[in-house]
Amino acid sequence: MFKTHGLSVFAVVIAAFLSLPIIVIVSYLVQADGVLWRHLYETVLSDYLINSLLLLFGVGTGVLLLGVPTAWLTSMCSFPGRRWLSWALLLPLAMPAYIIAYTYTGLLDFAGPVQTWVRDLTGLSYGEYWFFEIRSLGGAIVMMSLVLYPYVYLMARAAFLEQSVSSIEVGCSLGYSRWRAMWSLALPMARPAIIAGLSLALMETLADYGTVQYFGVSTFTTGIFRTFYGYGDTAAAAQLAASLLAFVILLVMLERYSRRRAQYHSAAESRARADLIPLRGSKVGIAIVICLVPLMFGFIVPATQLLLLAVFEAKPLGWDFVGLAWNSFSLAFLAAIVAVTLAIILSYAKRSKPIKPVRTAIAMAGFGYALPGTIIAIGVLIPLAWMDHGLIALFESAGWDSPGLLLSGSLVALLFAYTVRFLAVALGSVQSGLEKIKPSLDHAGRSMGHSPLAILRKIHVPLMRSSILTAVLIVFVDVLKELPATLILRPFNFNTMAVRVYELASDERLADAAPAAIMIVLVGLIPVLMLHASIARRRPR
Amino acid sequence: MRSFNLISSLILSAVTASILVVTSAQASGEVNVYSARKEALIKPLLDQFSNTTGIKVNLITGKADALLKRLQVEGSATPADLFITVDAGRLHRAKEAGVLKPVFLPLLEKTIPKELRDNAGYWYGLTLRARPIIYAKDRVKPAELSTYEALAGAQWDGRLCLRSSQSVYNQSLVAATIDALGAKATQSWIEGMVKNLVKAPSGGDTDQLKAVSAGVCDVTITNTYYLARLINSSKKADQSVAAKLAVFWPNQSGSGVLGRGAHFNVSGAGFTKYGKNPKQAQALLEYLASESAQVWYADINNEYPVLKGVEISSALKSFGDYKMDPIDLEILGQNNRQAVQLMDRAGWK
């Protein structure tokens with residue numbers, strides 16, 4: 001019993017530490033500047049709100065439409081191409097949203113090849129024909145849906161795969177058709193996972209700056225940056241960010257309330273599966289098209305465009321790319337391990353003793369995902385620099401040389417920021433994995449005299465292996481793509497591929513940015529393929 | 001899982017090693033730079049500096065306000081010696097924030113014109129960036145153009161493209177206009193231009209140029225080096241975009257504020273208050289304002305040099321001579337906040 005208690009305390013301490021940046025941001029609320037707020041309220045605030053809500057709604061619909069059917073088809077049905085589609089559907093995850101926005105703009109803009117071709121073909125000039133305006137709210141929704149649906153796909157697929165077959169079989173034996181069993185059993189059972197994926201996609205949408213800024217869509221996040229950069233007002237920017245956070249907390253609470261006390265456990269010991277639903281005739285074609293559309297537009301088209309730019313127009317890669325790739329890879333890997341380890345400890349502490357302080361602290365720590373990276377970075381910088389100053393004072397009072405900025409000036413700051421920003425990703429996956437394991441297993445383990453940590457290691461971790469790997473993968477790829485926090489917090493002479501892409505792209509040298517963008521995609525593919533191999537191995541066939 | 005552990009411990013030790021390498025970069029014979037100028041547009045010069053002087057340069061690039069925040073938070077412990085930005089307003093902001101210190105550099109006081117540096121020596125301008133009107137040659141006669149203010153006129157209805165007001169270049173343009181016309185007239189000017197916009201602002205300066213070239217609109221306002229870059233591009237498509245465009249220098253004649261000259265801004269650098277390597281920082285700053293560095297900026301990024309008599313690129317020459325608005329660049333910083341407010345009010349997205 002003492003050990004469980006210790007675990008709770010440990011979890012609260014970790015979560016509190018990870019909440020530091022969020023607390024810093026929220027604490028700015030006390031110094032609100034009424035004049036500036038009135039100005040924002042009178043001029044732009046309603047625009048920010050409406051656009052952000054429309055964006056959320058659009059992307060939410062988009063990722064569900066793209067993610068859930070593909071997850072269902074590739075995990076439950078059999079059709080030709082299913083195997084490779086099941087991993088290929090993850091590929092858009094490796095594509096940063098701002099990069100896909102740049103490439104599609106290059107293709108579909110008035111000056112791009114498609115419209116130029118239309119004009120040459122028809123002899124019309126600009127304005128005399130209708131064409132989809134890519135730089136718009138609609139464009140932003142499409143772009144983000146295309147690269148964010150894999151969150152839903154991954155989580156839903158892991159849930160479908162981990163679902164014990166028996167419940168579907170029971171459904172069928174009770175007279176349900178397979179499709180009926182899907183609607184009434186499989187989907188509701190996968191709901192926590194689907195919601196987890198959806199909320200990741202939506203939080204990422206809220207935090208996005210690069211895409212909406214490029215498309216000229218004024219959202220809450222562009223407002224935060226306008227306040228920070230334009231007004232030079234960190235406090236007001238932080239206050240806007242805190243309001244954003246309040247909104248996210250509200251959404252999360254609504255979702256929790258709607259699920260209330262529903263429990264989602266399945267007999268995790270049953271590993272055997274029913275056969276896949278075989279598809280025949282036209283259904284095969286439909287299934288393939290449903291799976292090909294997101295793959296095609298989320299990956300193949302933009303990646304081909306990048307490749308063409310890289311090969312024909314960009315300056316050739318220098319050797320410094322090896323260093324860039326290594327920096328990106330090692331940092332992402334390390335951050336993924338740290339974030340997922342912490343997520344496992346936190347989720348497990350919550351499961352073993354779901355008392356209020358633990359739950360609140362964990363929920364708090366997870367909200368970093370909804371905040372733009374720049375804001376997180378400021379929240380990280382302030383407490384770390386404060387600790388650094390303390391350390392320096394300590395050293396100097398002991399008569400030693402100042403150690404410099406050990407925390408805020410080193411990779412520690414970056415790792416801290418990544419963990420804060422992406423803990424939610426790890427938590428989402430790990431928790432939905434844990435939720436599916438019956439509490440009776442914990443009781444059994446405990447009655448056999450195992451400590452909570454031993455139970456975690458021997459029972460839970462092996463059972464939710466694919467959830468853990470999913471978490472590692474997503475955090476890895478997210479850190480790989482992460483830009484704003486990296487930009488602010490990195491130490492001297494430390495570059496990553498994302499920084500390189502940003503610097504060239506924001507200097508309006510898209511072609512030169514292409515090789516680095518492709519490198520991000522390639523490095524991001526490594527864990528995607530590893531994950532696929534691991535999930536495939538889980539299921540003997 | 002075993003091999004997994006092995007890999008992770010290898011990576012862990014490698015990353016730890018790189019942390020050590022990174023923190024050791026503060027010994028003597030070095031200078032630490034926080035730069036809002038992109039790496040590609042400054043690293044070659046820094047390397048050149050290191051080669052000739054033996055002083056190592058450590059660099060962090062980022063957005064000006066974020067770097068400024070970092071300087072503020074780091075306070076007396078900051079490792080940074082020099083703060084480089086691409087906008088005078090941000091230099092002013094840094095001065096106001098108390099992170100810079102005044103340094104008297106006799107050499108630069110002599111070579112850099114007075115209006116391109118801070119009076120007290122808090123910062124020095126390093127390159128000039130002009131922001132004139134760009135128009136489509138086939139649809140606009142230069143005689144139709146006169147001033148920035150005239151772009152608010154009804155004859156430009158549905159013919160104007162502008163970059164977002166999020167861009168600091170536009171914020172500085174408005175800040176300068178506030179100084180010339182006052183807030184009220186500036187706001188009606190912005191309102192007029194917003195009414196004339198053919199589409200909501202999006203993309204960067206290059207995108208505006210492409211829009212004018214493709215016939216989406218007829219006039220826009222951009223920095224000249226983006227056009228010069230298209231002219232010098234090896235891509236056919238870029239060259240043909242540039243071939244349809246020409247520069248018009250606004251506000252060149254006329255009395256009073258109407259003839260104040262074209263808007264320009266500087267990139268520049270200032271010494272940080274708590275820099276630990278003042279000598280090396282001074283050497284670097286003097287190098288960046290030296291003739292060879294100025295020629296490099298003009299050649300590579302088509303920016304106008306701050307030194308008189310430095311050869312400019314042929315693309316810049318083709319744009320012709322112009323009269324600059326002799327505004328005190330500090331004012332760009334002082335008016336920035338008000339400029340953003342006016343743009344918010346006038347609906348310039």
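Two strands count as paired if DSSP finds at least two bridges between them. Keep that in mind for the first exercise; the model here is a predicted one.

**Exercise 1. Work out how strand β6 of chain B sits in its sheet.**

Step 1: Start with the whole sheet. Four strands of chain B make an open sheet with mixed pairing, and the order reads β7-β8-β6-β9.

Step 2: Find the edges. β7 (160-161) and β9 (245-248) of chain B pair on one side only, which puts them at the edges.

Step 3: Zoom in on one pair. β6 (residues 133-136) and β8 (residues 219-221) of chain B run antiparallel and are joined by three bridges. Two bridges would already do for a pair.

Step 4: Pick out a facing couple. Across from Ile133(B) you'll find Ile221(B), which belongs to β8(B).

**Exercise 2. Describe how the two domains of chain B meet.**

Step 1: The domain assignment gives domain 1 as 29-128 + 265-311 and domain 2 as 130-263 + 322-346.

Step 2: Check the spacing. Over C-alpha atoms, the centres of these chain B domains are 27 Å apart.

Step 3: Count the contact. Domain 1 of chain B puts in 14 residues and domain 2 of chain B puts in 17.

Step 4: Look at the domain 1 side. α4 (88-96) and β10 (264-272) of chain B each give at least two residues, with α4(B) supplying the largest share, five. By class, this side has five nonpolar, five polar and four charged residues.

**Exercise 3. Which helix of chain B gives the most to the contact with chain A?**

Step 1: Take the totals: 55 residues from chain B and 51 from chain A.

Step 2: List the elements of chain B that give two or more residues: α1 (2-23), β2 (56-61), α3 (64-74), α8 (205-214) and α15 (336-346).

Step 3: Name the top contributor. α1(B) gives the most, with eight residues.

Step 4: Finish with the make-up. The chain B side divides into 21 nonpolar, 19 polar and 15 charged residues.

Key:
Residues numbered from 1 in each chain as written. Chains lettered and ligands numbered in written order. Predicted model: local features only at pLDDT ≥ 70, side-chain atom pairs only at ≥ 80, totals over all residues. Contact = placed C-beta atoms within 7 Å. Nonpolar A, V, L, I, M, F, W, Y, C, P; charged D, E, K, R; others polar. Domains from an automatic or database assignment.
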